[in-house]
Amino acid sequence: MTLQEYDYARESPSKLAASCLLLALTMKNLGGWTPTLEYYSGYSAQDLHPLVKRLNFLLTYQPRDKLNTVRSKYSHRVFFEVAKLAPMDMLKLEKALTSC
């Protein structure tokens, strides 16, 4: 979904990927940011918190009529309908991130 947003073009691809992973882990209650993830990504959980919050906020946007291809693609069951996931409540996300 960040492919459609110019604000994310300035972010490092590795930091964006790490933030997406942390958000996914948090949304699915699959654990936090482990020392292994920190070592291999090069990012601490605290480095990723602002971007994770922005990514979660991005999920609240309604798709634009002209830019719905990516959302449509990832709404298919082949991709586990990840574009249809509801964003986390920001207070719950904040609490989960502080426990990482």
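# A friendly tour of a predicted protein chain

Visitor: Is Ser75 buried or exposed?
Guide: The relative accessible area of Ser75 is 18%. A residue is called buried under 20% relative accessible area, exposed over 50%, and partly exposed in between (1.4 Å probe, protein chains only). Because its value is 18%, Ser75 is buried.

Visitor: What kind of model am I looking at?
Guide: Residues are numbered from 1 along each chain as its sequence is written, and side-chain values use heavy atoms, leaving out hydrogens and water. Local features need pLDDT of at least 70, side-chain atom pairs count only at pLDDT 80 or more, and totals for chains, interfaces and linings use all residues, as this model is predicted.

Visitor: Which residues does Ser75 touch, beyond those up to four places away in sequence?
Guide: Ser75 sits in the loop between α4 and α5. Contact here means heavy atoms within 4.5 Å. With residues up to four places away set aside, Ser75 touches Glu81, Ala83 and Lys84.

Visitor: How many helices does the protein chain have?
Guide: Helices (H or I, at least four residues) and strands (E, at least two) are DSSP runs, numbered from the N terminus. Along the sequence the pattern reads α-α-α-α-α. With zero strands in the protein chain, the number of helices is five.

Visitor: What is the radius of gyration of the protein chain?
Guide: The C-alpha atoms fill a box of roughly 40 × 25 × 25 Å along the principal axes. The radius of gyration is taken over C-alpha atoms, and the globule rule is 2.2 Å times the number of residues to the power 0.38. For 100 residues, a compact globule would be near 13 Å, which agrees with the protein chain's 14 Å.

Visitor: What share of the contacts join residues at least 24 apart?
Guide: The contacts that count here are those in the protein chain between residues at least 6 apart in sequence. The share of these that join residues at least 24 apart is 72%.

Visitor: Which helices do the buried residues of α1 pack against?
Guide: α1 (13-27) should span 21 Å for its 15 residues at 1.5 Å a residue, and its end C-alpha atoms are 21 Å apart, which agrees. That expected span is 1.5 Å times one less than the number of residues. Buried in α1 are Leu16, Ala18, Ser19, Leu22, Leu23, Leu25 and Thr26. The buried residues of α1 pack against α2, α3 (45-58) and α5.

Visitor: What is the phi of Asn29?
Guide: Asn29 counts as exposed because its relative accessibility is 69%. Most residues other than glycine have a negative phi. The phi of Asn29 is positive, near 55 degrees.

Visitor: Is Glu81 buried, partly exposed or exposed?
Guide: Glu81 belongs to the loop between α4 (69-73) and α5 (90-98), and its phi is positive, near 55 degrees. Because its relative accessible area is 35%, Glu81 is partly exposed.

Visitor: Which residues does Leu97 touch, beyond those up to four places away in sequence?
Guide: Leu97 lies in helix α5 and counts as buried because its relative accessibility is 1%. Trp33 is 64 residues away in sequence, yet the two C-alpha atoms are 9.1 Å apart. Leaving out residues up to four places away, Leu97 touches Leu22, Thr26, His49, Val52 and Lys53.

Visitor: Which residues is Met88 in contact with, leaving aside neighbours within four places in sequence?
Guide: Met88 is in the loop between α4 and α5. Its C-alpha atom is 8.6 Å from that of Phe57, which is 31 residues apart from Met88 in sequence. With neighbours within four places left aside, Met88 is in contact with Thr26, Met27, Asn56 and Leu93.

Visitor: How many Å separate the C-alpha atoms of Leu37 and Leu22?
Guide: Leu37 is in helix α2 and is partly exposed, with a relative accessible area of 25%. Beyond residues up to four places away, Leu37 touches Leu21, Leu25, Gly32 and Gly42. Leu37 and Leu22 are 15 residues apart in sequence, and their C-alpha atoms are separated by 9.5 Å.

Visitor: How many Å separate the C-alpha atoms of Glu5 and Leu58?
Guide: Glu5 is placed in the segment before α1 and counts as buried because its relative accessibility is 18%. Glu5 and Leu58 are 53 residues apart along the chain, and their C-alpha atoms are separated by 9.1 Å.
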